[in-house]
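Let us walk through this model step by step. Keep the sequence and the 3D view side by side as you read.

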Amino acid sequence: MDHKLLAKLITKIENSPELAPEIIQRFPESRSKVIGFTGSPGVGKSSLIDQVIKQLRDKDLSVAVVAIDPSSPFTKGAFLGDRIRMRDHFVDEKVFIRSMASRGALGGLCDAAFDVVKLLECSEFDYVLVETVGVGQSEVEISNLADLTVLVLSPGFGDEIQMLKAGVMEIADLYAINKSDLPESDTLYTQLLAFLSLAGRGEKQVCRTSAYTQDGVQELVERIEDLWNSLCKSGMLDERRRKRLQYHAEHILRRLVQKAVHSVKGCKTENPYEFVQVALSRLCETHLKKDGQGGGI
Amino acid sequence: MRIFRILIAKPGLDGHDRGAKVVAHALRDAGFEVIYTGLRQTPDQIVRTALQEDVDLIGLSILSGAHLQLSRKVIELMKKEGIDHIPVFVGGIIPPDDVPQLLQMGVKRVFGPGTALSKIVEEVKTILHEGVASTGGS
């Protein structure tokens with residue numbers, strides 16, 4: 001798809017999510033390899049993605065990137081600065097980079113992410129790379145969106161106690177220890193292997209990368225490809241895609257429910273359950289009238 | 001809900017972006033989504049970024065003295081890509097004598113040294129609302 005049109009459609013989806021089904025239905029279904037990159041702020045997610053793009057382009061594969069940064073809870077403004085690290089690819093016709101603001105979403109993504117990834121898949125990119133906001137410990141939504149998730153770590157992460165904590169450490173299919181040119185990365189590597197061995201996992205899940213020296217990036221891309229292929233063969237990929245569909249549907253429903261709740265006016269009840277009944281009937285009235293297409297979803 | 005998106009770009013070879021960052025920060029605080037390209041961008045990189053990010057406004061920060069050439073080139077490329085409806089403003093070390101030329105080539109506003117941030121934010125809002133009025137809000 002023409003990049004200009006694609007960019008306009010993404011804006012439409014972002015600003016008016018109710019237009020998403022009509023926009024996406026215009027294009028034939030297609031499938032890309034959707035890879036998530038998550039990790040704390042400053043570990044080098046964007047710089048690593050920049051190098052991953054380079055590897056993929058060397059194979060003449062087309063790449064779309066969705067890079068999400070946080071919105072201000074006070075002003076709704078945002079400073080979107082992931083793209084800076086990917087400047088070598090700005091004029092490449094087969095690379096499309098879109099910065100998005102989280103707009104109040106808390107899971108590390110933005111509300112439009114599911115629809116935008118779907119649209120990018122329809123645009124027949126070989127790879128869609130999704131970069132989350134810099135996350136803490138519990139933002140794990142990327143694992144519901146991506147086919148596989150890379151957790152990017154860097155020296156300074158903390159001791160092995162941090163690794164034992166539930167949340168983001170658990171969702172990774174692959175771990176990239178970035179900034180591996182720094183000597184402290186050896187300790188992190190040893191700690192990570194010790195942690196993974198507890199779960200019966202090991203070296204195959206860990207790549208040592210340096211976006212700065214470019215070491216290890218080729219290996220990371222090979223691991224991503226191998227893992228994607230094995231997920232595909234084992235049927236796990238289809239299972240993950242079904243899970244994604246459910247989460248996507250949940251997102252859409254949540255938005256409709258919010259709209260329905262806010263549209264309930266003149267209901268004097270003090271009983272929240274009665275209020276729910278009113279909101280639910282409002283929801284059904286609005287959305288169950290057309291033949292499965294939904295009334296203005 | 002529509003939130004305006006603004007590209008702040010540094011074309012050419014000057015190596016200072018304090019001003020661009022200060023303006024980007026002020027626009028962020030005014031509720032805009034600001035995309036910053038970083039230093040030393042070619043006009044081609046800037047125009048491709050504006051296109052992919054579907055921005056509503058482009059701000060060029062130029063301190064090198066090459067503002068006439070660089071602005072002209074950016075506007076030319078925007079025409080070529082069919083995105084010359086996006087308004088452009090220029091900030092930086094711009095001699096007052098050059099301002100009429102910039103405005104004539106299509107630049108909407110020029111902000112020289114010492115311009116108050118509140119003035120920039122106010123002008124940006126004016127430019128964006130002019131744009132909405134002329135395109136019927138799309």
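Start with chain B. Its secondary structure comes to five helices and five strands. Here helices (H or I, at least four residues) and strands (E, at least two) are DSSP runs, numbered from the N terminus. Along the sequence, chain B reads β-α-β-α-β-α-β-α-β-α. Its radius of gyration is 14 Å, close to the 14 Å that the globule rule gives for 138 residues, so chain B is as compact as a globular protein of that length. That radius is taken over C-alpha atoms, and the globule rule is 2.2 Å times the number of residues to the power 0.38. The C-alpha trace of chain B spans about 40 × 35 × 25 Å along its principal axes.

A word on the ground rules. This is a predicted model: local features need pLDDT of at least 70, side-chain atom pairs count only at pLDDT 80 or more, and totals for chains, interfaces and linings use all residues. Residues are numbered from 1 along each chain as its sequence is written, chains are lettered from A and ligands numbered from 1 in the order in which they are written, and side-chain values use heavy atoms, with hydrogens and water left out.

Now turn to chain A. It has eleven helices and eight strands. The radius of gyration of chain A is 21 Å, close to the 19 Å that the globule rule gives for 297 residues, so chain A is as compact as a globular protein of that length. Its C-alpha atoms fill a box of roughly 65 × 45 × 45 Å, taken along the principal axes.

Where do the chains meet? The contact (heavy atoms within 4.5 Å) takes 27 residues from chain A and 29 residues from chain B. The buried area between them is about 2,500 Å², and carbon and sulfur atoms give 48% of it. Buried area is the accessible area (1.4 Å probe) that two parts lose on being put together, summed over both. In chain A, the residues that lose the most area to chain B are A:K4, A:F79 and A:F90, together 21% of what that side buries.

Charges meet here too. Between chain A and chain B there are six salt bridges, each a side-chain nitrogen of Lys or Arg within 4 Å of a carboxyl oxygen of Asp or Glu. One of them joins A:R98 to B:E53, with the closest N and O atoms 3.9 Å apart. Helix 1 (3–15), strand 3 (78–80) and strand 4 (95–101) of chain A each supply at least two residues of the side that touches chain B. Helix 1 gives the largest share, seven residues.
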